[in-house]
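Subject: Two-chain model, with notes

Dear colleague,

I am passing on the structure below, together with the notes I made while going through it. Please read the notes with the structure open beside them.

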Amino acid sequence: MKKLIVLAAFVLLSAFISSDVIGQCDAEGYSNACIPKLATGFNFLKSYKIDSESGAKDKIEFSYVFTKGTQYMINLCAGGQATDGLVVSLFDAKRNKLATSKVNGEFISAIAYPCNATGIYYIQYTFDGSATKCGGSALGFKR
Amino acid sequence: MKYVLAGVFAAILVACGSGKKADDQAFLNSLDSVTTSDTAMDDALIEGILQGIPSPIEISVLLKHSGRKYDQTMLNSPDNLPKYNNNFKMALNLGVYGTDLGYTNIYEQNQDGIKYLEPIEQLAEGLNIGQFFEIETIGRLAANSKNLDSLLLLTTKNFNDINMYLSSQSRANLSVLLLTGGWLEAMHITCQLSSKDPSNKVLQDTIGEQQIILEQIILLLKFYESDENMASLLKDLTNLQTAFEKIKITTVYKAPTQEVVNGVVMVKDNSTTTVEITAEDVNNIKDLTAEIRSKIIS
């Protein structure tokens, strides 16, 4: 009986440790890594953590007020392959889709958007065949 | 019951913390003024709106690019610091000074920018968020105009970290004030410049478009309107919003196009916006903004 309890405790502990390792997502690290990767001339505005919380979320969204006459850049950072299936899409206040980083099946790591209409925009991150469903992103601007 | 639980949780946090006694007291003081219905949904909503408010740096860059000359007289004097002796005023004026620092940075006026470091440091210390300002590094970077990019990056990052921290500590009320102060100062600078150059359509449009941001700020302040100070600020800003109601913004949506150039998706935005704003509108907004700002900084 004592052996059984020890074995059960060991199994539970192993499961806890392994799920913790698999579920680890250093989204903050990725978002910080993305800041210096903004193209030259762009000033940093925001960094976003993209964490699916071990697959619990299938999309993560942030809003930001974009200003007419300003060009914005949103980039993506992830572990392993370039964007690891992370996709960023941009929507306007009326939910019209304006841009996506998945173009003809290819995952692109940055979007540049020259804004012509001041308003609230939605920056949406989704996972398309992503292994880790974890990453980071930075938003920059230039006039 | 929720408040009792929150109080117990706060007490545990304070008991577990290694901070100074003054820090603990300020933390509790800030909790006293949190009067929103403290549900997780409200917190997430507040954080979401806060994240979406643009940085005042964007307006400073716009002003410089539109050819406006640097004018230090429009800014809040660092000598006003002793007037700010409660959390409400400290948070608002930290935002004001933050915008002023950004403005001096953008115009590479380091000798003026350095004067704002001490008040920023002291206000941040007073609000127990001093650990987020790398004042020494900022001072070193500000001493040389070649460091502009690094300086802007660091100051923007510091303010972002503060907002994240305050939200995580259920002190988003201070974030709202910081942001409101920063926005009002940027509005004040823009309005002053527009009054000196009334034919400048870019400045007029920029002022008109601020109605979108004001709407967001008012939404945030409404979460805290049971607090006397917050309610008074909300009343003033609602009055300002009335002046904005005369401005008409028309957006015509046209589907954008995109192509990949050098590994970046380059989008061509085909939508347009028209801002209908008169010199009288600008004047009203300028006066009301100056009135509210005067209450804040004095």
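This is a predicted model: local features need pLDDT of at least 70, side-chain atom pairs count only at pLDDT 80 or more; totals for chains, interfaces and linings use all residues.

Residues are numbered from 1 along each chain as its sequence is written, and chains are lettered from A and ligands numbered from 1 in the order in which they are written.

Confidence and overall make-up

Chain B has 13 helices and four strands, where helices (H or I, at least four residues) and strands (E, at least two) are DSSP runs numbered from the N terminus. Of the 298 residues in chain B, 41% are buried, a residue being buried if 20 or more other C-beta atoms lie within 10 Å of its own, exposed if 12 or fewer, and partly exposed in between, with C-beta atoms placed from the backbone. Among the contacts in chain B with a separation of 6 or more, 71% are between residues 24 or more positions apart.

The sheet within chain A

Four strands of chain A form an open, antiparallel sheet in the order β2-β9-β4-β5, two strands being paired if DSSP finds at least two bridges between them. Its edge strands are β2 and β5 of chain A, each of which pairs on one side only, and the twist from one strand to the next averages 25°; for such angles, axes are lines fitted to C-alpha atoms, for helices over the stretch in contact, and the values run from 0 to 180 degrees between N-to-C directions.

In a regular strand the side chains alternate between the two faces of the sheet. Strand β4(A), residues 86-91, has A:Leu86, A:Val88 and A:Leu90 on a covered face, and A:Val87, A:Ser89 and A:Phe91 on an uncovered one. With β9(A), residues 119-127, β4(A) pairs in the antiparallel sense over six bridges, and A:Ser89 has A:Gln124 as its bridge partner there. With β5(A), residues 97-100, the antiparallel pairing runs over three bridges; A:Phe91 is partnered by A:Lys97, and A:Leu90 stands opposite A:Ala99. The hairpin of β4(A) and β5(A) has five residues between the strands, and in it A:Arg95 takes a positive phi near 65°.

A second open sheet, of six strands with mixed pairing, has the order β1(A)-β10(A)-β3(A)-β8(A)-β3(B)-β2(B). Because β1(A) and β2(B) stand at the edges with a single partner strand each, one side of each is left without a neighbour in the sheet. Neighbouring strands of this sheet are turned by 20° against each other on average, direction ignored. Between the chains, β8(A), residues 110-114, and β3(B) pair in the parallel sense over two bridges, with A:Ile111 opposite B:Val265. Within chain B, β2(B) and β3(B) pair in the antiparallel sense over five bridges, and B:Thr257 stands opposite B:Lys268. Helix α2(A), residues 27-34, packs on the sheet and touches β1, β3 and β10 of chain A, its direction making about 30° with that of β10(A).

A buried loop residue

A:Ser52 lies in the loop between β1 and β2 of chain A, and counts as buried because it has 22 C-beta neighbours inside 10 Å. Leaving aside neighbours within four places in sequence, A:Ser52 is in contact with A:Lys57, A:Phe127, A:Lys133 and A:Cys134.

The contact between the chains

The contact takes 32 residues from chain B and 32 residues from chain A. On the side of chain B that touches chain A, the elements giving two or more residues include α3, α9, α11 and β3 of chain B, while the largest share, five residues, comes from α4(B).

With best regards

Note on methods:
Two residues are in contact if their C-beta atoms, placed from the backbone, lie within 7 Å.
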